[in-house]
Amino acid sequence: MRQAVDVNVDAMLEDLRTLVEIESPSRDTEALAASAKAVAAVIENRLGGQATLVESEAGPHVHWSAGGDPKVLILGHHDTVFPLGTLERRPFMVADGQATGPGVFDMLGGLVQAVHGLATLDDLSGVEILMTADEEVGSRSSRALIEERALACGAVLVVEGAADGGGLKTGRKGCGTFRVSIAGRASHAGLEPAAGVNALIEASHQVLDIAALGRPEVGTTVTPTVASAGTLDNVVPAEATVIVDVRVESADEKERIESAFAARAPHLDEARIAVQGAISRPPMPESASVELFAVARRLLPGLEGRAVGGGSDGNFTAALGVPTLDGLGAVGGGAHADHEFLVIDAMAERANLVAGLVHAVQHA
């Protein structure tokens with residue numbers, strides 16, 4: 001078994017500072033272009049070779065290959081959820097054993113740790129890195145590339161942030177968003193309320209019906225999250241919309257939920273309903289991570305594995321039957337929040353964990 005080696009934490013923090021201070025909000029293609037160039041530069045500086053910027057409508061994805069027969073894909077993303085200007089309010093800082101700033105935990109820290117871990121290996125043949133530009137907004141432009149490289153490599157290490165307490169993510173729920181649009185008919189709320197078809201009342205019926213689709217006992221959550229209706233306080237609402245977050249653990253539940261949304265029918269005469277959306281990230285079953293997690297436990301005894309509700313690009317690779325282990329990135333917390341942080345003392349250990357897993361896959 002490969003022995004852990006020293007990595008330079010100060011150098012990791014400098015690379016992390018560089019990436020955080022560029023800012024890379026999803027859908028801002030100009031910012032993402034700058035971020036992609038910086039990510040490529042970090043990879044090339046630490047590992048050699050040349051990274052390829054794969055242009056897309058969402059922004060550039062960064063792909064790097066050491067050459068040789070593909071064996072393992074290091075997967076992550078360089079887009080973040082924070083708008084431009086967040087850095088001014090919440091700059092990159094290192095204090096009290098933590099690094100803070102937009103994107104340190106989700107997931108620029110994991111990206112940096114993986115690169116520095118790989119730099120400790122004498123042989124990188126068969127190793128590929130793919131950092132996408134649109135994971136936070138559904139991976140629509142990157143999914144085909146992710147699946148292509150995962151199938152080519154045959155093993156995927158996802159460097160998203162660790163689970164609470166530093167555990168790895170051995171399973172993930174499938175997730176998706178549905179938009180339910182309701183069309184009614186406007187009328188004067190005082191003079192002719194009965195002449196209208198109240199889209200808000202229909203939306204209220206739909207919200208209750210939709211929420212009842214959840215089956216938490218089997219891991220299915222169906223959560224209405226955003227609703228809007230109406231124009232003026234004296235007009236019967238002619239339109240309403242409801243946005244719904246869905247998480248499932250099995251393919252059967254995915255099919256049940258999607259069928260239930262497709263079959264939505266109105267309660268009110270003359271109301272009309274249209275549904276958009278799907279469970280776009282399939283579930284990542286824990287079976288996909290069994291072999292790789294066993295290797296991780298040998299490298300780092302006592303390491304815990306957890307199934308979590310959030311999705312990642314590992315959902316796509318696991319659904320293809322490619323062995324996938326997630327949560328190999330930063331130890332910390334506060335993803336998507338102002339208190340996001342990374343634990344500095346864990347950086348070297350996690351860099352070495354990625355390196356050890358890569359070495360094991362190469363020599364399996």
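The model is predicted: local features need pLDDT of at least 70 and side-chain atom pairs pLDDT 80 or more, while totals for chains, interfaces and linings use all residues. Residues are numbered from 1 along each chain as its sequence is written, and side-chain values use heavy atoms, without hydrogens and water.

Helix α10 covers residues 347-362. Helices are DSSP runs of H or I with at least four residues, and strands are runs of E with at least two. Twelve of the 16 residues of α10 are buried, so the helix is largely enclosed by the rest of the structure. Its span from first to last C-alpha is 23 Å, close to the 22 Å expected at 1.5 Å a residue (1.5 Å times one less than the number of residues).

E128 belongs to strand β6, residues 127-132. Its relative accessibility is 3%, so E128 counts as buried. The side chains of E128 and R149 form a polar contact of 2.7 Å (a pair of N or O atoms within 3.5 Å; within protein, one must be able to donate a hydrogen and the other to accept it, and residues adjacent in sequence count only if both atoms are side-chain atoms). Beyond its neighbours within four places in sequence, E128 is in contact (heavy atoms within 4.5 Å) with residues including H63, W64, P70, L73 and C153.

How values were computed. Buried means under 20% relative accessible area, exposed over 50%, partly exposed in between (1.4 Å probe, protein chains only).
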